[in-house]
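Visitor: I would like to go through this structure and hear on what grounds each label is given.

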Amino acid sequence: MSTLENLVDIPNTPQFQELLSKDLKRISLIYFWTSWAEPCVQMNQVVEGLAKAYPKLLALRVEAEEQADITDSFDINSVPTCLVIQGHALLARIEGGDATQLKETITKHLGNKSAAPQSTTSQPPAPPLSSETEEQLEARMRNIMNQSAVVLFMKGEPDTPRCGFSRTAVALLREKKVAFTHFDILSDESVRQGLKKVNDWPTFPQFMVKGEFVGGLDVVKEMKESGEFEEVFST
């Protein structure tokens, strides 16, 4: 637990909402983390240092797996992820352990506390526009969805998942001895965003069976508990 008044470990959704709504003009840093993700070790120190350096900053630490409702509401797919917001406006979204970008973003909005010169760049350069049409993208996504009887769209690789939800999804399929192929959505932003629209499902991982979307992790967990899993995933 932190001794800083402006650095709060969030225990539940109501307190999270209450803290954010107290002062809509205040700059807030929402930091999503887990204990098992190694990059979070460094980011824990960075977030604490920023809270100490900027007393006007409200820093909220959210354990991504324990506070799944908050995590899902912000479409968090990996940790560490930092959101910088003011009121209802998202000022920056920083995925991965990019401490430099986070520091520069906070400095930009709350003032430079250091005598050292700071870069004014707070966002990475925009990726080049894809020449792929919507029809071509959908056709490509359909091909991936049909590459095997069971396809898992996840973050990372089965042996090195990049988020706890993907890790749980892989463990569930392996526990049930389901043969599957996978697609790392971090490797292709077009597929990542396109699947959200095609399947009308905002988060990952996503499970496909015989080319059809069957649900996200919570849905498949419920199938396992109800006994429906074997029927749906029998290939």
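Guide: What follows is a set of labels, each set against its definition.

Guide: The model is predicted, so local features need pLDDT of at least 70 and side-chain atom pairs count only at pLDDT 80 or more, while totals for chains, interfaces and linings use all residues. Residues are numbered from 1 along each chain as its sequence is written, and side-chain values use heavy atoms, with hydrogens and water left out.

Visitor: How do you know how confident the predictor is, and where does pLDDT stay under 50?

Guide: The score is pLDDT, the predictor's confidence in each residue, from 0 to 100. The chain averages 86, and 91% of the residues score at least 70. Residues 113-129 stay under 50. For that stretch the model has 15 contacts beyond four places in sequence, a contact being heavy atoms within 4.5 Å.

Visitor: Which residues are in contact with Trp33, leaving aside its neighbours within four places in sequence?

Guide: They are Cys40, Asn44, Arg61, Val62, Glu63, Ala64 and Val79. Trp33 itself belongs to strand E2, residues 27-33. Helices (H or I, at least four residues) and strands (E, at least two) are DSSP runs, numbered from the N terminus. Between Trp33 and Glu63 there are 30 residues in sequence but 5.2 Å in space, C-alpha to C-alpha.

Visitor: What makes strands E4 and E5 a pair?

Guide: Two strands pair if DSSP finds at least two bridges between them. E4 (residues 81-86) and E5 (residues 89-95) have 6 bridges, in the antiparallel sense, so they meet the rule of at least two. Cys82 stands opposite Ile94 in E5. The hairpin has 2 residues between the strands, and Gly87 takes a positive phi near 65° there.

Visitor: Why is the contact of Arg167 with Glu65 called a salt bridge?

Guide: The term asks for a side-chain nitrogen of Lys or Arg within 4 Å of a carboxyl oxygen of Asp or Glu. For Arg167 and Glu65 the closest N and O atoms are 4.0 Å apart, so the pair is counted under the 4 Å rule. Arg167 lies in helix H6 (residues 164-175) and Glu65 in the loop between strand E3 (58-63) and helix H3 (68-73), so the bridge ties together parts that are 102 residues apart in sequence. By this rule the count comes to 11 salt bridges.

Visitor: Are Arg167 and Glu65 buried, exposed or in between, and what decides it?

Guide: Buried means under 20% relative accessible area, exposed over 50%, and partly exposed in between, with a 1.4 Å probe and protein chains only. Arg167 has 37%, so it counts as partly exposed. Glu65, at 31%, is also partly exposed.

Visitor: How does the pair of Asp159 and Arg174 meet the rule?

Guide: The closest N and O atoms of Asp159 and Arg174 are 2.9 Å apart, so the pair is a salt bridge by the 4 Å rule. Asp159 lies in the loop between strand E7 (156-157) and strand E8 (160-161), and Arg174 lies in helix H6, so the pair ties together parts that are 15 residues apart in sequence. Asp159 has 65% relative accessibility and therefore counts as exposed, whereas Arg174, at 42%, counts as partly exposed.

Visitor: What makes Arg93, Glu95, Glu189 and Arg192 one network?

Guide: They are joined by salt bridges that share partners. One of the bridges is between Glu95 and Arg93, at 3.2 Å from N to O.

Visitor: What is the phi of Asp200, and why is Asp200 called exposed?

Guide: Asp200 is not a glycine, but its phi is positive, at about 50°. Its relative accessible area is 67%, so Asp200 is exposed. Lys210 also has a positive phi, near 55°, and at 55% relative accessibility Lys210 counts as exposed.
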